[in-house]
Amino acid sequence: MDMDKTYSDGNSGLFSYTFWYDWRLDPLEVADSLNEYIEHILAATGAEKVSIVGKCLGGGFVLAYLAKYGYDNIRNIAFDCTVGNGCENLSDIFSGNIHVDTEAIERSAIDDNLPFVDNPGEYLNDFIIASIDLLNERDVCKLSEKTINWLYKKLYKELTPRLCMASFGTWPGYWTNITKDQYQTAKDIMFNGAVPENAVKYAGLIEKLDNYDRLVRQRIPEVLLGAKAVGVNVGILAKYGYQLPCYIESRDMLGDSLVSLHLASFGATCSNVYDTLSDEYIAERTAAGYGKYISPDKQVDASTCLFPDSTWIIKGMTHENWADCNDSLIYKICTTKEGLTIDSSEKYPQFMVYSDSDDDIYKMTTENCNTTNWDGPGIKKHNICTYFEAVIKWLKTLVALVKSKLTAK
């Protein structure tokens with residue numbers, strides 16, 4: 001109810017009314033506050049309805065509101081890279097599905113190739129990546145990988161609940177990230193496993209989690225299809241082009257570095273990160289009339305999404321990149337009267353590619369769709385010579401940096 005705009009960037013009016021919520025609370029209780037907030041907005045503006053955006057974690061709270069209060073006050077709904085339909089990063093952790101993979105670590109290092117300080121940072125990253133790659137090619141890392149994974153499997157039943165419940169495991173808002181098929185497993189590990197006192201200690205929390213699971217998580221398609229049935233426009237934006245975190249069993253799923261495209265899009269069929277959908281699958285879907293929903297890079301079939309005609313997918317943009325072009329599409333979804341679809345605008349087709357150079361999105365084609373920095377499950381690009389080249393470059397720039405600092409003094 002406090003209309004303090006201190007943190008509002010005013011982008012096209014999209015953030016004129018931002019609902020600040022506490023993700024440590026029960027999402028169904030937050031839904032009560034959100035309902036009150038919407039009622040205040042309608043009273044203050046004289047509007048009949050509002051459009052609502054669920055961004056990232058906010059998607060789960062939007063779903064909680066819809067499940068509890070319905071659609072009478074809603075005109076449009078936009079989900080912006082939501083984890084409200086589940087997020088493997090947290091769901092796998094809560095469910096004990098941790099698995100370290102050195103090839104995945106290398107891909108993550110390449111994806112996150114960001115400069116540390118000045119120009120030397122670039123060469124330091126090259127050196128780190130070259131080192132990991134060289135160790136992988138010679139299977140030096142495999143023993144450590146196998147040892148860590150073996151040790152984790154021996155300890156996870158007690159380790160997981162103790163670590164999680166000492167941190168974000170006690171926050172109901174974060175439990176909205178647990179997928180429908182992993183909720184019971186996660187609950188058993190946290191409360192009914194090797195730390196039995198948790199069942200009594202967190203009885204009140206368990207009741208809240210079960211209520212959300214029963215009223216929201218298990219009913220997500222029903223809730224969203226119900227909105228569509230009464231004339232609410234639902235638009236979904238998801239991203240991909242990156243693997244998921246390298247320490248979870250779902251690491252090879254296509255995603256935006258945090259959540260899989262399958263979950264964020266509410267149902268897209270996807271290949272893994274280093275492969276494509278099979279020719280047989282594509283031929284079958286095309287023959288059935290769904291060819292236009294296949295991405296030019298042959299990695300995504302959007303026809304299996306809950307809303308295939310109002311789901312937009314951007315390749316080459318990470319989860320945490322909330323660029324203006326991203327917000328502009330969300331704004332169009334939120335201001336449509338007739339209902340925006342993938343055929344409504346040439347600017348916003350179903351499949352797009354993000355260009356970092358000019359911070360914009362473009363129609364995906366077979367020519368511009370290869371935006372990843374690595375290719376294949378094994379990244380074979382370094383040998384002894386290139387490794388030492390990276391070492392020498394880094395040492396030279398390090399010496400130059402030290403000299404410049406000494407000269408400055």
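Start with the loop between helix H12 (261-264) and strand S6 (269-270), and select Phe266 in it. This is a predicted model, so treat each stop as a feature of the prediction. Phe266 is not a glycine, yet its phi is positive, at about 60°. Is Phe266 buried or exposed? Its relative accessibility is 7%, under the 20% cut-off, so Phe266 counts as buried.

Next, go to the loop between helix H13 (279-287) and strand S7 (300-301) and pick Lys298. Lys298, also a residue other than glycine, has a positive phi near 60°. With a relative accessible area of 40%, Lys298 is partly exposed.

Now select helix H11, residues 220-229, and show side chains. The buried residues here are Ile220, Val223, Leu224, Gly226 and Ala227. Turn the view to look down the axis of H11: these buried residues fall within an arc of 155°, so they line one face of the helix. An α-helix has 3.6 residues a turn, so residues three or four places apart point the same way. Just after H11, stop at Gly231, where phi is positive at about 95°.

For the core, select Val300, Trp312, Leu329 and Ile361. These have the most contacts inside the largest nonpolar core, which has 40 residues. Elements giving two or more residues to this core are S3, H12, strand S8 (311-315), helix H14 (324-335) and strand S9 (351-355). Which of them gives the most? H14 does, with five residues. Centre on Leu329 and leave aside its neighbours within four places in sequence: Leu329 is then in contact with Leu237, Trp312, Leu340, Tyr348 and Met352.

Last, show helix H1 (residues 27-45) together with helix H10 (residues 203-215). Their axes are 9 Å apart and the packing angle is about 70°, which means that H1 is roughly perpendicular to H10. To view the contact, select Pro27, Leu28 and Glu29 on the H1 side, and Lys208, Asn211, Tyr212 and Leu215 on the H10 side. Sorted by class, this contact between H1 and H10 has four nonpolar, one polar and two charged residues.

Note on methods. Residues are numbered from 1 along each chain as its sequence is written. This is a predicted model: local features need pLDDT of at least 70, side-chain atom pairs count only at pLDDT 80 or more; totals for chains, interfaces and linings use all residues. Side-chain values use heavy atoms; hydrogens and water are left out. Axes are lines fitted to C-alpha atoms, for helices over the stretch in contact, and angles run from 0 to 180 degrees between N-to-C directions. Helices (H or I, at least four residues) and strands (E, at least two) are DSSP runs, numbered from the N terminus. Angles under 35 degrees count as roughly parallel, over 145 as roughly antiparallel, 65 to 115 as roughly perpendicular and the rest as oblique. Contact means heavy atoms within 4.5 Å. Ala, Val, Leu, Ile, Met, Phe, Trp, Tyr, Cys and Pro count as nonpolar, Asp, Glu, Lys and Arg as charged, and the others, Gly among them, as polar. Buried means under 20% relative accessible area, exposed over 50%, partly exposed in between (1.4 Å probe, protein chains only). The arc is that of the directions from the helix axis to the C-beta atoms. A nonpolar core is a set of buried Ala, Val, Leu, Ile, Met, Phe, Trp, Tyr and Cys residues joined through side-chain atoms within 4.5 Å.
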